[in-house]
Amino acid sequence: MSDSESELSPYVSYRERAEWQDIVPLEQEEGLAPVVQIAYSDRFRETFSYFRAVFAKDELSERALDLTREAAMLNPANYSVWVYRRKLLKALDRDLLEEQNFLADIIEMHPKNYQVWQHRKEIVEWSQDPSLELEFTANMFTDDAKNYHCWQHRQWIITRFGLWDGELEFTAKLIEKDRRNNSAWNQRYFVVNHEIEQLEATAAGGAGDADETQKAVILHREIEFSKKQIAKDSHNESPWSYIKGVFRLMKQKLHLSVTMMALCDELMKDKSPHVAAFLIDAKEELLGQQGEGGSEQVNSILEEVVRLCEILADEWDTIRKRYWNYLAELLQVKYQGLPD
Amino acid sequence: MYAKAKEERRHNPESPLLHRVHHLDYLLKGLRFLPDSFEGLDASRPWLCYWILQSLKLLSEPLSHRIGTDVVEFLKLCQCKEGGFAGGPGQDAHLAPTYAAMNALAILSTVTTPEEALAWVDRTALYQWLKRLSCEDGAFRLHEGGEVDIRGVYCAVSVAVMANLPVDCLFANTPTWIVSCQTYEGGFGGYPGLEAHGGYTFCALATLVLLQKEDECDQDRLLRWVAFRQMKVEGGFQGRTNKLVDGCYSFWQGASFPILHCLMAQRSQQTAISKQCWLFDSEALQEYLVICCQHGKGGLIDKPGKPRDYYHTCYCLCGLSIAQNGPKRNDAIVCDANLVESLNPVWGVSIDAVNMALDYFSSLPLVEQ
């Protein structure tokens, strides 16, 4: 009775199927005065009544497996069905590759459903075979390059099976395709973070200096990469948050980067809030180092920061006026001891 | 649409209006009957109860004791003997409908009585079930055999705190796990490594507040990130950097502002402006919601052109509530007829309902660990 295609077979009522005669369908409890009552179609109502019946007897059979497929396709968000299906797949020792094929289809139909992705993850964990996953997720990204579940699955596959090779290039390709794809930038950070973790792990083994040099190489690489994208559009938030994040990861100071500070000065003419915000953050670092309370240098830097906040609040980024005014005041209180 | 609204206001100073009557119609109908197009929410019926009840509450719609009792009776059918609530009678227990059910019951405790709405909740079984769902690293599965992500953490902590369950052991490692979800952008992802996202950020911040561990995350970077999620053209919020505006983020992102406001006050980080208002453009958000997010036939939506649903109706109204009810005064745009009630941003439930439930559960004996 089961289809190998992921489509619902033409409906034949369970009541009329010879192989289901022994089962008494279990109706859903609704109580005397129903609320949020859904007007189920006949097919839906009957399929789930039969599902409840086999579920109640914990029947582990082929026909129960087929039933879970029908039920899952009618409501893929019914997590109880998927849990039961996994139990059945194990008990019947089914071919997991076939299940992956079924999943590929149903995920394409319901790409933002939690249950189908979790099911795929469980199948991969059970089979210990990630060989299809990078291609599968890459394929899904051609439809929606920001699908959160897809990125989650891909990160899990990479971490679980150590498939880091080539991922940096993968993020570069996606960013080349759409420099505003923040998910791709996030993935790049994910990879670079791992690179650094690996370096630090090796360094802990006694290769101290090599670690710092390699980190500097990576930082330089990422600055150049981000700079290239920023040059195409300085109003794109993604590369700015990214590169600031990488500086933090490497425990490096923004204001000490000649490249970045020069870039900002050059780009002020674009009136991008991100340029101004970068400068504010760089100058705040400086303030933090100088210590608090009214030296001339502190005051001069503080004046610059306040001026930048004002430009943002009044001209370049008025939607965030309250935030920029808040930040200016906060920093003045902190570094000048202004009464609040 | 904004140009049209401006034009409209020249003739009618009372516009744009919140079309209360239409929304009430849509909500009251859905509380009883839903068409077959809702089959996909058949495992989320407690959510439907919460979204609809919370929306009605915000619109100050009085509910009869009768309808309150009916919803309570339905939620009883969703309670699982192994603990927690399911998405529908006979299904497995799951943290999301559990959270929704508890929120709905909190609202119902003000419609019926706390005893009627809450006394039958099996707190012992609930606690045991939460223990089974907990992971060693502090995270929580959404259901047995289910996925792990920050929603599970928020739902677990929310119901545990509301129901007065012992939290110290159960959530010992949870704050650390949550903090590991804060990304380089300043927001939080659903799992360590994932992109900063409005829904998951709400879960993170609200949970840290409930566990009184707010200082473990970087609040300054969080504030910067969430402030940047307001769209300068539309006035509404986006869920992630460089994505589109959506009415529901009015709550998921918007709620961070009143929460951070309280935290800043605790750390003596208030300034003149932050004492007056939330640190986002609340007028622009209200305009987005009232001008662009009302469906012609009732209910609220993601953005113009999208269909209405109860989820968006709830969260658009919750976002509206936050925008209108600032730290000092009520700021409804245009007129007070648009004013909706205040809510507690940590639960997404009206203040009186949260307090009623907290009071009731705290009067009950402690559950055995």
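A salt bridge is taken here as a side-chain nitrogen of Lys or Arg within 4 Å of a carboxyl oxygen of Asp or Glu. By that rule, the whole structure holds 38 salt bridges over all chains. The structure is a predicted model, in which local features need pLDDT of at least 70 and side-chain atom pairs count only at pLDDT 80 or more, while totals for chains, interfaces and linings use all residues. Residues are numbered from 1 along each chain as its sequence is written, chains are lettered from A and ligands numbered from 1 in the order in which they are written, and side-chain values use heavy atoms, with hydrogens and water left out.

The interface comes first. Contact (heavy atoms within 4.5 Å) involves 62 residues of chain A and 81 residues of chain B. The buried area, meaning the accessible area (1.4 Å probe) that two parts lose on being put together, summed over both, is about 6,100 Å² between these chains, and carbon and sulfur atoms give 52% of that. In chain A, the residues that lose the most area to chain B are A:Tyr79, A:Tyr148 and A:Arg322, together 15% of what that side buries.

Four salt bridges are counted between chain A and chain B. B:Arg45 and A:Glu30 form a salt bridge through their side chains, at 2.9 Å from N to O. On the side of chain A that touches chain B, helix 14 (residues 321–336) of chain A gives the largest share, eight residues; helices (H or I, at least four residues) and strands (E, at least two) are DSSP runs, numbered from the N terminus.

Strands also meet across the two chains. Strand 1 (residues 37–38) of chain A and strand 1 (residues 33–34) of chain B run parallel and are joined by two bridges; two strands pair if DSSP finds at least two bridges between them. A:Ile38 has B:Leu34 as its bridge partner in strand 1 of chain B.

Other salt bridges lie within a chain. A:Arg180 and A:Asp233 meet at 2.3 Å, N to O. The pair links distant parts of the chain, 53 residues apart: A:Arg180 is in the loop between helix 8 (167–177) and helix 9 (182–232), and A:Asp233 is in the loop between helix 9 and helix 10 (237–249). Buried means under 20% relative accessible area, exposed over 50%, and partly exposed in between (1.4 Å probe, protein chains only). A:Arg180 is therefore partly exposed at 32%, and A:Asp233 is buried at 15%.

In chain B, the side chains of B:Lys303 and B:Asp302 meet at 2.9 Å, N to O, in a salt bridge. B:Lys303 is buried at 18% relative accessibility, and B:Asp302 is buried at 9%.
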